[in-house]
Amino acid sequence: MLLNERYIGLMSGTSVDGVDAVVADFSDDTVRTPGHVYVPFSAPLRSQLQALMQSGPDEIERAGDASVALAQAYADAVTLVLAKTNLAAKDIAAIGSHGQTVRHRPERRFTLQINQPALLAELTGIAVVADFRSRDVAAGGQGAPLVPAFHAAVFQGSEPRVVVNIGGIANFTLIPAKGSTEPVRGFDTGPGNTLLDAWCERHTGKAFDEGGAWGAQGRVDAALLARLLADPYFAQAVPKSTGRERFNVAWLDAALATEGRALAAVDVQATLVALTVQSINAALSAHGVANCFVCGGGVFNGPLMRALLGAQSTAVLGVDPMQVEALAFAWLARQCFASQPGNVPEVTGAKGPRILGAVYPA
Ligand SMILES: Nc1ncnc2c1ncn2[C@@H]1O[C@H](COP(=O)(O)OP(=O)(O)O)[C@@H](O)[C@H]1O
Ligand SMILES: [Mg+2]
């Protein structure tokens with residue numbers, strides 16, 4: 001019998017915008033993507049998840065309820081993507097389900113993604129691989145970013161390439177040229193869209209700045225930008241990873257309060273775009289790589305993309321930028337099934353390669 005090499009990847013990242021579900025077929029040398037769906041979270045689920053990202057009363061109860069609602073949203077996305085591709089549960093080897101990060105504290109040896117893999121397996125009739133990050137953290141790593149191994153597997157070229165994923169947080173992968181003995185490198189550069197979204201929502205009521213049009217009307221405030229860039233995270237040595245524990249709107253409010261001047265909301269938005277741009281460009285300049293391929297929702301922010309050095313969407317390499325991260329978790333599920341490592345120790349700082357994920361059979 002032919003080995004079933006079809007996996008579903010489910011990704012819901014720090015933007016808390018919704019879930020991307022993608023069917024990935026690894027039966028050729030390349031990855032094929034028969035189908036993708038994006039299902040936005042309902043407003044109540046979004047606020048439920050966002051509320052869990054800071055400590056608060058009753059959080060075990062709330063996390064339990066949110067994880068059940070999340071599994072249902074994931075199962076709905078799986079149903080949709082199966083219908084779209086005319087596939088059935090039996091055609092899928094496993095679902096790789098990242099879950100929703102509610103706390104990332106590798107320095108305290110834990111990272112927590114809420115997820116109900118057992119319920120998802122029950123609702124879909126498909127095996128689920130979940131909890132990808134904790135083994136890397138247990139091995140002394142950051143548990144993040146985990147996408148560099150996949151980026152290297154699909155995007156390696158005859159010249160060195162950089163892949164930047166601009167989700168809520170942005171991460172950077174440096175892929176050496178084919179045949180090179182250099183390792184893959186990577187780290188989180190800092191905020192991607194998360195502050196842009198939060199500020200936009202506060203001032204315009206919209207969940208994100210469509211096309212980056214609002215921010216484009218503002219002027220970068222050099223003093224505020226310098227203050228934001230003075231956060232020690234940006235100068236910290238690798239391995240490093242971050243999240244909304246550090247880069248959140250309270251962090252921005254504190255910087256604005258110290259600045260002590262009235263700033264136009266639109267100028268703050270423009271400055272936040274510059275913050276994302278400068279932190280990514282610093283990584284690009286430091287590595288001197290001319291080819292930068294961008295994925296994640298940040299590709300839709302025109303001014304942001306134009307300001308990044310040599311940036312193009314991963315679409316030019318044949319992969320839809322909104323599918324890359326979900327594909328990575330399909331690939332990581334497959335690595336788990338094949339008893340192959342999913343982390344890159346040079347990226348996460350783990351003691352060595354580790355097989356990532358826990359399996360919930362169908
Ligand atoms: N049309 C658009 N214009 C501007 N920004 C967009 C657009 N579409 C998506 N985004 C941004 O991308 C984010 C979602 O990106 P995504 O890659 O899903 O991040 P995550 O992995 O954190 O969920 C949104 O929150 C928003 O900031
Ligand atoms: Mg998303």
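Which residue in β12 stands opposite V294? Find out at the second stop. The model is predicted: local features need pLDDT of at least 70, side-chain atom pairs count only at pLDDT 80 or more, and totals for chains, interfaces and linings use all residues. Residues are numbered from 1 along each chain as its sequence is written, while chains are lettered from A and ligands numbered from 1 in the order in which they are written.

**Stop 1: the ligand.** Select ligand 1. Around it are 20 residues, each with its C-beta atom, placed from the backbone, within 6 Å. The closest are G13, G167, N193, G297 and F300. Domain 1 (6-143 + 323-360) and domain 2 (148-317) both give residues to this shell, so ligand 1 lies between them. The domain bounds come from an automatic or database assignment.

**Stop 2: the sheet.** Show the strands (DSSP runs of E, at least two residues). Five form an open, mixed sheet in the order β10-β9-β8-β11-β12. Strands pair if DSSP finds at least two bridges between them. The edges are β10 (185-191) and β12 (311-313). Now select β11 (residues 292-295): three bridges join it to β12, and the two run parallel. Opposite V294 stands S313 in β12.

**Stop 3: two helices.** Select α6 (residues 194-204) and α10 (residues 265-287); helices are DSSP runs of H or I, at least four residues. They pack at about 170 degrees, with axes 9 Å apart. Axes are lines fitted to C-alpha atoms over the stretch in contact, and angles run from 0 to 180 degrees between N-to-C directions. That makes α6 roughly antiparallel to α10 (angles over 145 degrees).

Key: Angles under 35 degrees count as roughly parallel, over 145 as roughly antiparallel, 65 to 115 as roughly perpendicular and the rest as oblique.
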